[in-house]
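Dear colleague,

Please find below the structure that I am handing over to you.

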Amino acid sequence: MKKNKRTYILLVAVLIIWGFLGYRILGAINPSEKPAVKQDLVGRPYQIALKKRDTFSVHADYRDPFLGTWPDGKKKTLRKKVLAAKKETPQRNIVYSGSLAENGSDQRLFFVTIEGNQQIMAKNEIIQGVKLVNGTSESIKVQYGGRMETIALQK
C-alpha cells in the first residue's frame, strides 16, 4: 500500500505541473482581447540634441592593384632608379693546356696558364682570383670577377 500512495502523489504532482505548463502555452498562443490603455505624456516632450555629422572623403590617388590603372586616367610619374654601370672585369689571358687523371680515379688535375704563369689546379680551387668550376679533358669552365668563361683545350 505504501508504494501505491507514492505513485498517486507523484501522479497528482505531474498532472499539476503539466496543467500549469499547458495553461501558459495556451495563454501565449491565444492572448486575451483587452483593449490597450493609452497613456498621455504630461509635460514637455524630450528633445534630443542632434550632433553635427562628421564627414570625410577618400582620396584614391594610388594605382589600382588589380587593373594597374590610375584614377581618372592620370598617371603618376614614377622615378626610375638609375643603376650604376657595373664595372666590366677585363678578360684575363687564360690558356688550358691539358689534364691528368690517375687510373680508376674521378679526380683530375688541370694544367692552366694564367697571365703567363702555369698552374696545376683541381676542381673548386682558386688561384690568382680564378676559380676552376668544372672541367673535362676537352674544356674547362673558370670564374673570375663575376665572369664565367669556358676555355677549350689548346693544342
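Which residues have the most contacts inside the largest nonpolar core? In this predicted model, they are Ile 94, Val 112, Ile 140 and Val 142, and the core has 13 residues. As general background, nonpolar side chains in soluble globular proteins tend to be buried together.

Ile 140 deserves a separate word. Neighbours within four places in sequence aside, Ile 140 is in contact with Tyr 96, Phe 110, Val 112, Leu 132, Asn 134, Gly 135, Glu 149, Thr 150 and Ile 151.

Two of these contacts of Ile 140, Tyr 96 and Phe 110, also form an aromatic pair with each other. A search of the whole structure finds one such pair. The arrangement is tilted, with 6.2 Å from centre to centre and 55 degrees between the planes. The angle falls in the tilted class because planes count as stacked under 30 degrees and as edge-to-face over 60. Tyr 96 belongs to strand 1 and Phe 110 to strand 2, so the pair ties together parts that lie 14 residues apart in sequence. Tyr 96 counts as buried, at 0% relative accessibility. Phe 110 is likewise buried, its relative accessible area being 0%.

Three strands make up an open sheet in the order 1-2-3, and their pairing is antiparallel. Strand 1 and strand 3 (117-121) are the edge strands, each of them pairing on one side only. From one strand to the next, the twist averages 20 degrees. Seven bridges join strand 1 and strand 2 in the antiparallel sense.

One position in this pairing may be followed further. Val 95 has Thr 113 as its bridge partner in strand 2. Is Thr 113 buried or exposed? Thr 113 has a relative accessible area of 17%, and this residue is therefore buried, since the term applies under 20%. Apart from neighbours within four places in sequence, the residues in contact with Thr 113 are Asn 93, Ile 94, Val 95, Ser 97 and Gln 118. Among them, Ile 94 is also one of the residues with the most contacts inside the largest nonpolar core.

With kind regards

Conventions. Residues numbered from 1 in each chain as written. Predicted model: local features only at pLDDT ≥ 70, side-chain atom pairs only at ≥ 80, totals over all residues. Heavy atoms only, no water. Core = buried A, V, L, I, M, F, W, Y, C linked by side-chain atoms within 4.5 Å. Buried < 20%, exposed > 50% of the residue type's maximum accessible area, 1.4 Å probe, protein only. Contact = heavy atoms within 4.5 Å. Pairing = 2+ DSSP bridges. Helix = DSSP H or I, 4+ residues; strand = E, 2+ residues; numbered from the N terminus. Axes fitted to C-alpha atoms, helices over the stretch in contact; angles between N-to-C directions. Phe/Tyr/Trp six-rings, centres within 6.5 Å; stacked < 30°, edge-to-face > 60°.
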